[in-house]
Amino acid sequence: MLCRELNTSFVLGVMLVYGLSQGFTGSFFRVVTDFYWKDVQKVQPSAVQMYIGFYYIPWILKPVWGILTDMFPVRGYRRRPYFILAGVLGASTALTISMEGKLSIPVALLCLVGMAAGVAIADVTIDACIAKNSIEKPNLAPDLQSLCSFVSSVGALIGYSSSGILVHLLGSQGALGLMAIPAVFLVLLGFAIFERKTNHPRENRAVGEKVREAVFGMGRTIRCPEVWKPSLFMFLSIALSLSTHEGQFYWYTDPKAGPAFSQGFVGIIYAIGAIASIIGVLIYHKRLKNHPFRSLIFYSQLLYSASGMLDLIFILRWNLKLRIPDYIFVILEECVSRVISRIRWMPMIVLSTRLCPAGIEGTFFALLMCIDSLGSLGSKTGGGVLLNLFHVTRTDFRNLWLVVFIRNLLRLVTVALVFLVPYTTQLDALLPSKLLNGNNGSDVENLKLVSMKQVEVDETL
């Protein structure tokens with residue numbers, strides 16, 4: 001249906017960025033960097049949890065990338081140069097960390113943040129088009145987000161499936177070097193994507209004026225109760241769900257205190273979780289996309305809190321008392337949590353696309369995603385502090401169950417904040433008409449993928 005309503009090449013571009021750059025790279029990056037910090041740098045889980053927070057800095061800067069792509073065309077192009085920049089940045093940092101031996105922790109962290117920045121810049125570039133199409137054709141907004149989540153989950157499935165095996169064969173540093181391949185595809189996308197040069201008379205105005213208009217438009221929009229209330233909920237729902245991932249990862253692979261899962265099996269766990277994410281997307285798309293935002297988020301948040309108790313059961317090894325082997329229980333836990341997480345996240349993303357005003361869709365959507373990234377930064381940092389506070393180390397996991405229990409309680413607290421989410425269907429207009437139809441400073445063109453030969457023909461004309 002999307003190919004009939006939208007340009008087929010735009011759909012292919014979404015699949016490339018979300019499937020390869022985000023889905024594959026994100027999942028592969030997650031597993032390989034966990035082993036890199038544990039086996040190469042040999043740092044404590046609480047420290048790793050804090051380092052991971054730095055990965056979110058490029059995502060927090062998404063409004064900056066959005067302003068650059070909306071307001072600062074390079075030689076008349078708003079999109080193509082930024083795909084190339086994202087690819088060059090990702091490829092160079094991936095090759096550096098894989099080929100330079102054991103780097104110091106600050107340099108290694110800088111390279112990993114650079115890899116995350118490449119993905120973030122490409123994400124902002126394609127999100128501008130997604131937001132614009134969601135505004136122009138609101139009935140397609142859930143379908144667009146379903147496509148993004150579906151191809152991202154497929155890419156994640158491939159990344160998770162191959163990560164453990166490649167870490168075993170190449171080591172974590174060698175596996176990180178392979179992440180230059182998706183980045184190279186971003187460079188190629190930057191050269192292959194067709195975009196008409198910007199020749200609008202407004203381009204003659206001072207850049208500062210255009211930036212002020214965009215900032216004013218964002219400020220005016222974020223002050224609307226229809227916008228700041230759901231934005232606040234999304235931030236709190238993420239920040240209050242403290243991440244305990246690194247503590248659990250170290251416990252998973254510990255031969256004495258934990259189940260001692262191998263590198264390959266860890267990848268399999270996450271790969272099966274990616275399949276579960278796809279199922280979550282399909283459930284949302286087929287059964288839930290027409291339900292009101294508030295009721296859907298309320299019940300999914302409630303289930304999200306309850307699913308966290310499976311982690312607690314596993315850490316306390318109650319599954320063995322129930323005669324359920326570790327490898328079966330961890331797969332069951334991963335599947336349940338990933339399905340619920342995806343169902344919980346999908347309406348929030350759709351809601352974010354519906355909150356973007358006309359003219360600065362890319363920049364404002366980037367601002368909303370920046371708010372979410374701030375929540376993730378708070379979640380990772382808070383989780384690291386909690387792990388350190390309860391003395392969860394590389395070898396001591398006695399208090400890990402208590403950390404997970406506190407995390408689950410905070411998830412439950414978030415349910416009380418659902419009143420901030422509008423009680424409207426996912427097809428209703430949320431913004432006032434003056435914001436929905438107004439001009440806030442920048443035109444964002446649709447993108448079309450064509451061959452380089454076709455690009456040359458159009459430029460000649």
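**Close-up views of the predicted model**

**View 1. Lining of the second largest cavity.** The lining residues divide into eight nonpolar, four polar and no charged (Ala, Val, Leu, Ile, Met, Phe, Trp, Tyr, Cys and Pro count as nonpolar, Asp, Glu, Lys and Arg as charged, and the others, Gly among them, as polar). The model is predicted: local features need pLDDT of at least 70, side-chain atom pairs count only at pLDDT 80 or more, and totals for chains, interfaces and linings use all residues. Residues are numbered from 1 along each chain as its sequence is written, and side-chain values use heavy atoms, without hydrogens and water. Among the lining residues are Ser21, Thr25, Met115, Met179 and Leu186. Two or more lining residues come from each of α2 (8–41), α6 (80–99), α7 (105–136) and α9 (180–192).

**View 2. Helix α12 (residues 245–252).** This helix is mostly covered, with eight of its eight residues buried (under 20% relative accessible area, 1.4 Å probe, protein chains only). The buried residues of α12 include His245, Glu246, Phe249 and Trp251.

**View 3. A nonpolar patch on the surface.** Phe54, Ile57, Leu61 and Val64 form the patch, with about 310 Å² of accessible area together (Shrake-Rupley method, 1.4 Å probe). Patch residues have over 30% relative accessible area and no salt bridge, and nonpolar side chains are joined within 5 Å; a salt bridge is a side-chain nitrogen of Lys or Arg within 4 Å of a carboxyl oxygen of Asp or Glu. Ile57 lies in helix α4 (residues 57–60). Ile57 counts as partly exposed because its relative accessibility is 35%, and partly exposed runs between the buried limit of under 20% and the exposed limit of over 50%.

Terms used
1 Å grid on protein atoms, 1.4 Å probe; cavity = no way out; pocket = protein on both sides within 12 Å on 5 of 7 lines; lining within 4 Å. Helix = DSSP H or I, 4+ residues; strand = E, 2+ residues; numbered from the N terminus. Patch = residues over 30% accessible without salt bridge, like charges linked within 9 Å, V, L, I, M, F, W, Y side chains within 5 Å.
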